[in-house]
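Here's a quick briefing on charged side-chain pairs. Have a look at the model first, then read on.

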Amino acid sequence: MLFKKQVKIGTKMLPKTTFSLNWGDNFASSKRRNYDIKLVVGSMLLGLAFSSASLADSTTPDKYFIPLKIVVNSPEDGDIKADDKVTLREAIALVNNTLSTDKLTSLEQAQVQVLKPGSAPKIHFNLPSESRIIYLEKLLPNLESPRLIVDGTTQPEYQPSTNNLPAALVVSITSVKSAEVPRGLTLVADGITIKGLSIYGFTGKYETTSPTPSADIFISHRLPPPDTTEQTLPADYLPFYLSDLPPKDIVITDNWLGIKPDGTVPEERSAFGIYVFNSLGTQIERNLISQHNGSGIITSVRAENLQITQNKISHNGLAGMPDAIRLEGFIYNTKISENSITNNDGSGIFIFKAEGSVEISKNYLNDNGKRLKRAAIYLTGNEHKVFQNTITNQSAAGVVVASYPRSRGNLIQNNRFANLGGLSIDLNTQDNVGVRDWQQGDGPNPERNSRNRRLDTGNAAINTPQFLASEFYILNGKVNLDGVADPGSVIEVYRTQGDRNDYNPLFKLLKIVRTNELGKFSLTLDNLSPGEKISAVAIDPQYGTSEPAADVVVRSP
């Protein structure tokens, strides 16, 4: 069954999206029928294959979960059995309340503590010092217990970090070589915290058309009942029900994702790092995310109030989706700040036909676009804010704003650029949607000569400031600059750095002035040397930031 429709979640409308539903006759070990959904989002085929589904929805109160603290003391995996050790699989079953403590031996029960009602359940670790790698033989159960804390820093050998990045970790989760395990941890409940783990080596063969995406950590709502007598098919609506609420307030912190604890690359790379498929208020902070075939962080249906802070994201996108951070779906109130984003194969941050605005601030983006020549930051949509970032050694433009879909009101202010393969800020024009435009930008725009340019150009074709001369002279230690721009706009004046004749990267903000009602502006600068180059951008309160002006040169008289 294939259909296309614009659908509604809450008060917001999703873009028109194509869906198809397939019902199979396969049965999981629980004898329940699998529920497969193929989801096409934009130009990318995404699927969700539902298996071993829980009948609980994500609004299940904490009182239905007996809060436990379990200590994992065995790196083994396999079927749950009564013995003298507690495995990670058994610990997850215990906190999910799908395994009763009376099924444990006395030695296993010694690793389980019943906590006070209302307490957060916990999974701690005390693995043998010589064997701290958990090799999974098959997919782990979903983490379904609200406010669960899975804490690898409880392993006795762990030493805390002395800086903002996670310390070398001592507990690892990966898959055995002979098994295809697509995901490390799957989070489906509110308030879960994943801390202090090294997770790597999770991918799939992609022979089927609709597998749930592979990732080190996958975040989504709880799966719907596979018994169709309990709820009807979604028909022409989005294949999520009102009860399929996205989990909220998940925290992913102080983990190493994609690489081994010793910093080496695994033989089998993970497909993605963190896949925020459907979630609200997820916090991703102080993680090392590296060596993935696809993006280090990627979103899909919903990722509102997503916070990505103080992570080190490097060497991702090596054989698939190339961008370090790729945002799609609903991304309202997302913030990306204080991250180090380096040496990724595509853009550092790529926003693709998403709904909602993002604040991108104080990040360090260096040497991205290794495999594909892409902008460091690529924006589609409206009212994004990009400020105080450092963007260097990029194979294409610094920041690109798409012309289609219509993108306006994007503020790009007080960033530092150096050694770029394109403009510092590039506003695509005339609805350009070729491959180059989606990756690199289309270069300097002509002056706006028609009201139609407002409709087919990024940031509504704000005119670039025009200086009244190509050279300005130092007089009494000062340089007086004059120019014109759209009336009512704010002008940011920068010193540029580079050896080009026209458009060098905006390197340092020097001064901010306003145009008058005729669009004229003037300013005086000091402490400039002969040969230095100056540029400027215009900022319109309604439409956003312009492309940079062609450089002018400071001369001695």
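**Salt bridges at a glance**

R326 is buried, with a relative accessible area of 7% (buried means under 20% relative accessible area, exposed over 50%, partly exposed in between, using a 1.4 Å probe and protein chains only). This is a predicted model, where local features need pLDDT of at least 70 and side-chain atom pairs count only at pLDDT 80 or more, while totals for chains, interfaces and linings use all residues. Residues are numbered from 1 along each chain as its sequence is written, and side-chain values use heavy atoms, leaving out hydrogens and water. In total, the structure holds 19 salt bridges (a side-chain nitrogen of Lys or Arg within 4 Å of a carboxyl oxygen of Asp or Glu).

**R326 and E328**

- R326 pairs up with E328 in a salt bridge, 2.9 Å from N to O.
- E328 is buried too, at a relative accessible area of 1%.

**R371 and D345**

- R371 and D345 also meet through their side chains, again at 2.9 Å, N to O.
- This pair links distant parts of the chain, 26 residues apart: R371 sits in the loop between β30 (364-366) and β31 (377-379), and D345 in the loop between β27 (340-342) and β28 (349-351) (strands are DSSP runs of E, at least two residues, numbered from the N terminus).
- R371 is partly exposed at 39% relative accessible area, whereas D345 counts as buried at 9%.

**R132 and E157**

- R132 forms a salt bridge with E157, with the closest N and O atoms 4.0 Å apart.
- R132 lies in the loop between β9 (122-125) and β10 (133-136) and E157 in the loop between β11 (149-151) and β12 (172-175), so the pair ties together parts 25 residues apart in sequence.

Conventions: Helices (H or I, at least four residues) and strands (E, at least two) are DSSP runs, numbered from the N terminus.
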